[in-house]
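Please keep the sequence and the structure at hand while reading.

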Amino acid sequence: MNKRYFFNLLKTLLLLLTVSGALGCNDWLDVRPENEQPIDEFWNNKEEVDAVMMGAYQQLRSSLEYLVRWGELRGDVVELGPGLTSNENMLAVKGLDIKSDNPICKWQPFYNAIGRCNAVIRYAADVLPRDKTFTDRACEAYIAEAKWVRALCYFYLVRTFRDVPYITEPYLNDRQEFRIPKSDGMDILRTVVADLRACAQLIPVAYDPGSWENKGRATVWALYALAADIYLWLGEYDEAIGMCENIEKSGLYTLLSTDDWYGLYYPGNSSESIIELQWDGMQLQTNSLFAWFYNESANANNYAVSDAAVAKFNEFPDESDQRGDGGSYIESSGKIWKYAGTARGVSNLRESGRRDANWIFYRLADVLLMRAEALVMREGEGEGDMAAAYAIVRQIRERAGYTMHPDMPSSQSEMIDLVLDERLRELCFEGKRWFDLVRVAIRDDGKYKSKLVKLLLQNVAAKDRPLYEAKLQNTYGYFLPINESDMVASGGVLVQNPYYL
């Protein structure tokens with residue numbers, strides 16, 4: 001692995017990422033000579049702990065395009081918009097012709113965030129004797145928060161690459177070994193979810209009333225949501241259900257009403273939201289979501305809604321879905337509206353200074369549908385679980401404005417499709433779809449992988465489909481290759497995903 005990934009903070013603490021506005025300080029650390037470790041010059045007060053922690057969130061913000069591409073580009077909800085239709089690398093992704101030099105295969109921002117988290121976990125306690133205002137409880141809370149962010153990063157990495165290097169120590173100097181082999185992805189998930197369970201009594205329940213931190217930093221409710229998601233991937237359905245129920249029973253989160261649904265995206269940080277990656281245009285913090293998904297120029301948006309997604313919203317033509325045309329997308333142009341407007345309808349365009357839409361990691365509707373999926377998949381409860389899952393789907397549909405619903409499925413496979421279809425409509429363009437499909441495809445030794453294979457083959461030329469259909473029986477094909485530059489830098493320690501050999 002390229003060691004520059006781990007120099008960012010703790011190769012002598014070279015620099016601290018500048019974080020503006022609500023997310024931290026504006027100071028940079030002095031650049032020090034190689035192999036000098038000025039630990040005693042840093043980690044002196046709680047503000048420095050906070051600054052490093054906020055640096056981890058800033059690295060997540062730097063990863064935004066990967067959050068979009070990894071979660072959506074290979075699925076059936078997003079098409080390449082005119083801004084990317086001549087981009088050979090992105091065309092290769094859609095056409096399942098991904099090579100290890102494709103920029104979609106870079107993982108640097110996530111390991112940068114992990115490095116900062118590892119620093120907080122390792123050094124926060126050193127501040128206790130140096131800053132008497134820094135309490136044991138506050139120190140434990142920062143360490144728990146760092147473990148949440150680290151777990152989130154590894155969850156993205158495992159879902160995207162499957163087996164990745166698992167690093168828990170900060171990088172300190174050139175003498176430290178940086179060529180780390182891969183660990184089994186499922187083992188990583190078991191480890192990080194155990195970390196989360198151990199942190200549940202230490203991570204904050206809430207921050208100051210009215211603070212952005214209640215939606216923008218990890219809380220115990222964000223911990224439960226992430227743990228539920230990981231348990232779904234591990235096939236531990238009772239645990240996933242328990243995590244979801246912890247959130248539901250808290251009474252802190254409610255589904256927005258049908259009329260207020262767009263408030264999820266503008267102004268954001270709604271009563272339904274559990275945790276979001278934050279921007280604030282009032283503090284000159286904007287991002288590229290508007291430009292990527294909508295863009296005022298006619299032929300400049302990078303992503304567009306797919307015909308397949310539009311068809312899902314039009315299955316009941318006499319019904320009005322608030323999430324469909326004018327809500328999540330604009331059917332006449334194919335552009336995506338979730339991050340472009342201030343309300344439903346193309347006339348409600350964001351002003352240039354408010355193109356600061358947050359990226360939602362978890363919200364209540366997502367949690368409810370995770371519980372529905374876990375109910376469908378677990379064994380032993382039979383029809384009771386199926387009925388409960390169906391009731392959740394109806395609840396989400398009714399919030400969207402439906403009065404008619406599909407019949408309750410008679411098989412597990414059909415019920416999975418019902419839940420996945422509702423997750424598509426509810427969570428489209430939020431970085432969920434590809435991971436939903438892969439999660440279902442790999443469970444139970446690939447019992448339902450035909451659902452994903454069928455979808456993937458839609459993007460392959462008819463003459464090539466027999467070859468790709470055979471290749472896609474190998475579930476490693478659902479994960480990306482390791483970037484070739486990292487393979488070279490590892491000196492042979494990293495082993496390529498076997499699908500790409």
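Is Arg190 buried, partly exposed or exposed? Arg190 is partly exposed, because its relative accessible area is 42%, where buried means under 20% relative accessible area, exposed means over 50%, and partly exposed lies in between (1.4 Å probe, protein chains only).

## Basis of the report

This is a predicted model, in which local features need pLDDT of at least 70 and side-chain atom pairs count only at pLDDT 80 or more, while totals for chains, interfaces and linings use all residues. Residues are numbered from 1 along each chain as its sequence is written, and side-chain values use heavy atoms, with hydrogens and water left out.

## Salt bridges

The structure holds 41 salt bridges, a salt bridge being a side-chain nitrogen of Lys or Arg within 4 Å of a carboxyl oxygen of Asp or Glu. Side chains of opposite charge can pair when their charged atoms come close. One of these bridges joins Arg190 to Asp187, with the closest N and O atoms 2.9 Å apart. The two residues are separated by about one helical turn, because they stand three residues apart in helix α6 (residues 185-199); helices (H or I, at least four residues) and strands (E, at least two) are DSSP runs, numbered from the N terminus. Asp187 counts as partly exposed, because its relative accessibility is 42%.

A salt bridge is also formed by the side chains of Glu272 and Arg363, at 2.8 Å from N to O. This pair links distant parts of the chain, since Glu272 lies in the loop between α9 (237-250) and β4 (273-277) and Arg363 lies in strand β8, 91 residues apart. Both Glu272 and Arg363 are buried. In another bridge, the side chains of Lys312 and Glu315 meet at 3.8 Å, N to O. Lys312 is partly exposed, with a relative accessible area of 21%, and Glu315 counts as partly exposed at 42% relative accessibility.

## Cysteines and a buried tryptophan

How many disulfides does a search of the whole structure find? The search finds zero disulfides, a disulfide being defined as a pair of cysteine sulfur atoms within 2.5 Å. For Cys153, which is in no disulfide, the nearest cysteine sulfur is that of Cys117, 5.9 Å away. Cys153 is buried, with a relative accessible area of 0%, and Cys244 likewise counts as buried at 0% relative accessibility.

Trp148 is found in helix α5 (residues 136-161) and is buried, with a relative accessible area of 0%.

Glu79, Asp307, Asp325 and Glu331 form a negative surface patch. Patches are made of residues with over 30% relative accessible area and no salt bridge, in which like charges are joined within 9 Å, and nonpolar side chains (Val, Leu, Ile, Met, Phe, Trp, Tyr) within 5 Å.

Leu349 lies in the loop between β7 and β8 (359-363), and is partly exposed, with a relative accessible area of 27%. The C-alpha atoms of Leu349 and Trp337 are separated by 9.0 Å, the two residues being 12 residues apart along the chain.

## Backbone geometry

Most residues other than glycine have a negative phi, and most peptide bonds are trans.

Trp43, although not a glycine, has a positive phi of about 30°. Trp43 is placed in the segment before α1 (46-62) and counts as buried, at 0% relative accessibility. Asp444, also a residue other than glycine, has a positive phi near 50°. Asp444 lies in the loop between α15 (433-442) and α16 (449-456), and is partly exposed, with a relative accessible area of 44%.

Conventions:
Accessible areas come from the Shrake-Rupley method with a 1.4 Å probe; for residues, only the protein chains shown count as cover. Lys and Arg count as positive and Asp and Glu as negative; His and the chain ends are not counted. The place of a charge is taken as NZ of Lys, CZ of Arg, CG of Asp or CD of Glu.
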